[in-house]
Each structure stands twice: as C-alpha cells, then as structure tokens.
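Reader: I am new to this structure and would like to learn how to read its features one at a time. Could you take me through a few of them?

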Amino acid sequence: MKRILCLLVSFVSYFAFAQTVTLTFTGVDQLNDHVQLDSVAVTNLTRGWQEVIYYPDTILQLTNGVGIEAVSQAVFANISPNPFDGTSVLMIQLSKADDVKLQMLDMQGRSIAQWSGLLGTGCHEFDIALAMPQIYALKITTHTGQKSMKMINKGNAATNHIEYKGLTNAKSVALQSSKPFVFGDFMEYVGYATFNGNAYESMRINIQQGTTQTHVLQFPFSDYTPWDGTGTNPNDGMACHGMPTLTDYDGNTYLTVQIGSQCWMRENLATSHYSNGEVIPLGTTESSVTYPYRYCPGNDSNNVSYHGYYYNWTAIMHGAQSSNATPSGVQGICPTGWHLPSNAEWTELSDYVGAQMAYQCGGYSGNITKAISTAKDWIPSNETCATGFDLYTNNSTGFSALPSGGYSSQYDNFGNGACFWSCTSIDSYYARGRSWYYYQPTWSVTQNGKNNGRSVRCLMN
C-alpha cells in the first residue's frame with residue numbers, strides 16, 4: 001500500500017518575523033484526472049527570478065521578506081494512525097542525509113525502545129509497536145536539533161519496538177527557495193508533463209500570490225477513453241476516472257483500479273476504525289460471529305502495512321443487513337463513498353474478466369486468478385495457468401490480489417492464498433466469499449464461517 005502517504009508536519013524555525021509560504025502544485029487533465037508533473041516553472045514577475053522544481057518535488061517554499069534568512073527545515077514527521085491500538089506507522093522525511101536517533105519514552109521518561117542510523121534524503125517508514133495502553137513521547141534527534149511527538153496507545157502489541165521498513169514512494173520534501181519574495185508579488189506558474197511520449201505544457205496561472213496555496217495546473221489532454229460497455233474496457237488497469245486514490249479514517253491512502261464497469265480498491269483494507277471513528281477491536285486468537293474483530297495477517301503486525309487486516313464478518317458489516325444486490329448498498333467497514341461487494345458483484349468481476357481473451361489463461365473463461373493476482377509474493381507453481389505459474393505474466397487486470405491468507409481458529413495460507421469477504425450472508429453462521437491458492441487457476445465461491453478473518457476490498461459507489 002502504499003499504499004500510506006507521508007503527511008508533512010514541519011518542524012520550523014522562524015527568523016526576524018519571516019513567514020513561510022508553501023506552494024503545492026498538482027496536475028489534472030481535461031477530465032480532472034490526476035496528471036504526474038515532470039516539472040513546474042515558478043516565475044516571480046515582480047522581482048525577475050525563476051525557480052524550476054522537478055518530479056517528484058511538487059512543493060516549493062518561499063520566505064516572505066527580502067534578504068531574510070531562509071526557513072530552517074530539515075525534518076518532517078508524522079505518525080498515522082495516532083491514537084492507535086498497539087501498532088502504528090511513523091514517516092520521517094529528510095531534506096538531506098543525517099544521523100537520526102529515535103526514542104520512545106513512557107510517562108516516567110524511561111526509554112522503552114530506540115533506533116539509530118544514517119538516513120538519506122527522502123521519506124522513510126518505520127513500524128511502531130507498544131505493549132501498554134498509555135501516552136508516550138517519541139523523541140527525534142538529528143544534527144539540526146530535537147523534536148518530541150505525543151503518541152496515544154490504546155492497545156497491546158505484546159512488545160515495544162521501532163523497526164525500520166525502508167524508503168517509501170511518498171511525496172518528497174518541500175524545496176526551499178532563497179529568492180526574495182513579498183506577499184503580493186505577481187507570480188506565474190506553468191507545469192510540464194508527458195503523455196503518450198509527447199511533452200505538454202499546462203495552462204499558465206498568473207496570480208498576485210498571498211499565503212500558502214495549492215495550485216491546480218490544467219493540461220490539454222485526457223488519458224481516459226470513453227467505453228460503450230462492450231468488449232474490453234480500454235481503461236482497465238488504470239486508476240479509476242476521477243478517483244485515483246481513496247483515504248480511510250486512519251489516513252491510509254489506497255490506489256484504485258478500473259476493471260470493466262467496476263472501480264475497485266487496488267489494495268486490501270487496513271483500517272482500524274469505521275468511518276465514524278469507532279474502533280474495530282484487535283483480535284489474536286479471539287473468534288466470534290457476533291463481536292467484531294480485526295487480525296494481523298500471519299499474526300504479525302509488520303504485515304498490516306502491505307497486506308491490510310483480516311476482519312470477521314461482523315466487523316465488515318458494522319450492523320448492516322446482508323445484501324446480494326448490484327451495487328450492494330452496504331457501506332459497512334468501507335470508507336464513505338465506497339461499499340462492500342456483494343456475492344453478485346464478485347460474480348460480475350469474474351464474468352467480465354473471464355469473458356476477455358486477454359485475461360484468460362489457456363482459453364478457458366474460468367482461469368482468471370493469474371489476471372487478478374500480483375506478479376510477486378505468491379509461491380511458485382509448475383502447473384500451467386496456476387496463480388503461481390510464471391508470476392511475471394500475472395496481474396493483467398491490475399486487481400493486484402496478494403496471498404495474504406486468512407484466520408479460522410488458526411492463521412493459515414499466508415503466502416499461498418487469497419481470501420476475501422462479500423456482504424452476502426448464507427445463514428446465521430456462514431457468508432459468501434472468494435478464495436484461491438497458488439496452485440489453482442480458478443477461484444472458489446466460498447462458504448466462510450462468519451467468525452473467520454478474511455481480507456476486504458471495497459467498490460466505489
């Protein structure tokens with residue numbers, strides 16, 4: 001998943017009443033879909049200078065005042081979620097390489113976990129785990145100084161640790177300009193992007209710049225192709241039109257994917273809260289058909305950021321009634337604007353994928369698991385058309401199913417099987433779902449105990 005965005009929370013030192021203006025740029029096409037910017041030219045028409053920022057940098061900071069020392073800002077950090085239930089994710093973003101020391105302190109000021117090392121420029125991800133519910137402090141130390149952040153833990157991860165996960169693809173640090181700027185200066189902004197091998201220039205924005213602002217740069221093209229509903233949708237595998245990402249209550253951001261007429265989450269749900277802020281209890285060995293639980297895949301919190309959580313059926317429904325409609329009309333655990341897929345909607349996906357020759361394996365409409373499964377992580381198989389056979393040929397639809405396994409009295413099939421819920425009940429104990437394994441070319445319409453833990457994908461309303 002990153003699938004979670006690196007939200008920028010700056011540690012800023014001001015000099016001589018200097019005030020920072022942050023300019024954020026984003027590109028859109030003619031249909032208001034996101035466009036990746038190659039570069040942005042920022043020109044101060046009043047003072048006669050120009051700065052050019054290049055992808056992945058889409059943020060520029062100016063300091064209000066002529067001849068005033070620039071803002072000192074080397075570290076950005078964010079913990080999400082916060083408060084959290086035992087585990088969370090820390091993002092640290094550096095504008096230059098530095099030695100970084102992290103310490104987690106309890107309410108008595110005792111260090112209960114720490115990490116230190118040299119980090120390069122960019123956004124770095126850490127997993128945080130805490131065993132006792134209470135308020136903690138995270139102290140970040142670099143050569144530029146120290147900063148403390150409050151953490152509120154409400155769960156029990158059975159351990160205290162800080163684990164480095166690596167660089168992320170999150171947004172780069174804001175570039176700082178030392179050029180003179182005063183509120184009211186006349187500015188011009190123009191973006192550049194590449195589409196189908198051709199370079200395009202955005203419409204120019206001319207503005208008398210005041211305070212912090214996001215500027216949307218409009219490009220004269222669209223990568224969305226209208227579809228008449230017959231044959232293969234030319235937009236398959238692309239981000240959904242007008243909805244390239246969605247964000248849950250915890251701040252997790254997910255990619256989307258268009259497949260036929262359906263817009264799916266491209267990643268497994270990883271929220272610990274419903275959209276109203278209500279906490280979903282974390283289970284380990286608990287099992288219930290009446291009480292909601294979420295579980296860490298493979299019983300390891302380190303797997304959540306990539307595989308999402310498992311949830312039992314009570315957790316995903318959040319009190320809603322069963323549905324087999326299209327669309328289901330059941331929001332349940334899904335973010336606002338999205339819903340749980342019914343059994344009929346899962347069937348709609350398999351019917352569409354199986355009907356497209358490009359997604360079939362061996363010319364059989366039922367052989368769809370390779371087309372919807374990731375091209376990595378699955379156990380290899382020598383059986384032609386099995387999910388694990390020639391992994392590099394997988395995921396032609398972009399659905400990107402992971403072998404996250406499931407929970408049913410024990411944690412099983414992590415690394416070799418995908419198991420998903422629907423919102424369609426069979427009886428008081430069982431509900432429909434979908435599952436398949438590395439050695440299979442087809443998926444199964446499953447009858448799962450509602451006390452089992454399964455992965456969740458949501459559909460756009």
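Reader: Which residues does Asn416 touch, not counting residues up to four places away in sequence?

Author: This is a predicted model, and in it Asn416 touches Trp378, Ile379, Pro403, Trp436, Tyr437 and Tyr438, leaving aside residues up to four places away in sequence. Asn416 itself is found in the loop between β26 (411–412) and β27 (417–425).

Reader: Is Asn416 buried or exposed?

Author: Asn416 has a relative accessible area of 18%, and because buried means under 20%, this residue counts as buried.

Reader: How many cavities of 30 Å³ or more does a search of the whole structure find, and what lines the largest cavity?

Author: Rolling a probe the size of a water molecule over the atoms shows where empty space is left. Here the search of the whole structure finds one cavity of 30 Å³ or more, and about 220 Å³ of space lies in the largest cavity. Of the 23 residues that line the largest cavity, Thr87, Ser88, Val89, Val304 and Tyr309 are the closest to its centre. The elements giving two or more residues to this lining are β7 (87–94), β10 (122–129) and α1 (304–307). By class, the lining has ten nonpolar, nine polar and four charged residues.

Reader: Where does the pLDDT stay under 50?

Author: The protein averages a pLDDT of 87, and 90% of the residues score at least 70. The pLDDT stays under 50, however, over residues 1–17, for which the model has 60 contacts beyond four places in sequence. Over residues 67–74 the pLDDT is also below 50, and this stretch has 26 contacts in the model beyond near neighbours in sequence.

Notes:
Residues numbered from 1 in each chain as written. Predicted model: local features only at pLDDT ≥ 70, side-chain atom pairs only at ≥ 80, totals over all residues. Heavy atoms only, no water. pLDDT = per-residue confidence, 0-100. Contact = heavy atoms within 4.5 Å. 1 Å grid on protein atoms, 1.4 Å probe; cavity = no way out; pocket = protein on both sides within 12 Å on 5 of 7 lines; lining within 4 Å. Points joined across faces, edges and corners; volume = space filled by probe spheres on them. Helix = DSSP H or I, 4+ residues; strand = E, 2+ residues; numbered from the N terminus. Nonpolar A, V, L, I, M, F, W, Y, C, P; charged D, E, K, R; others polar. Buried < 20%, exposed > 50% of the residue type's maximum accessible area, 1.4 Å probe, protein only.
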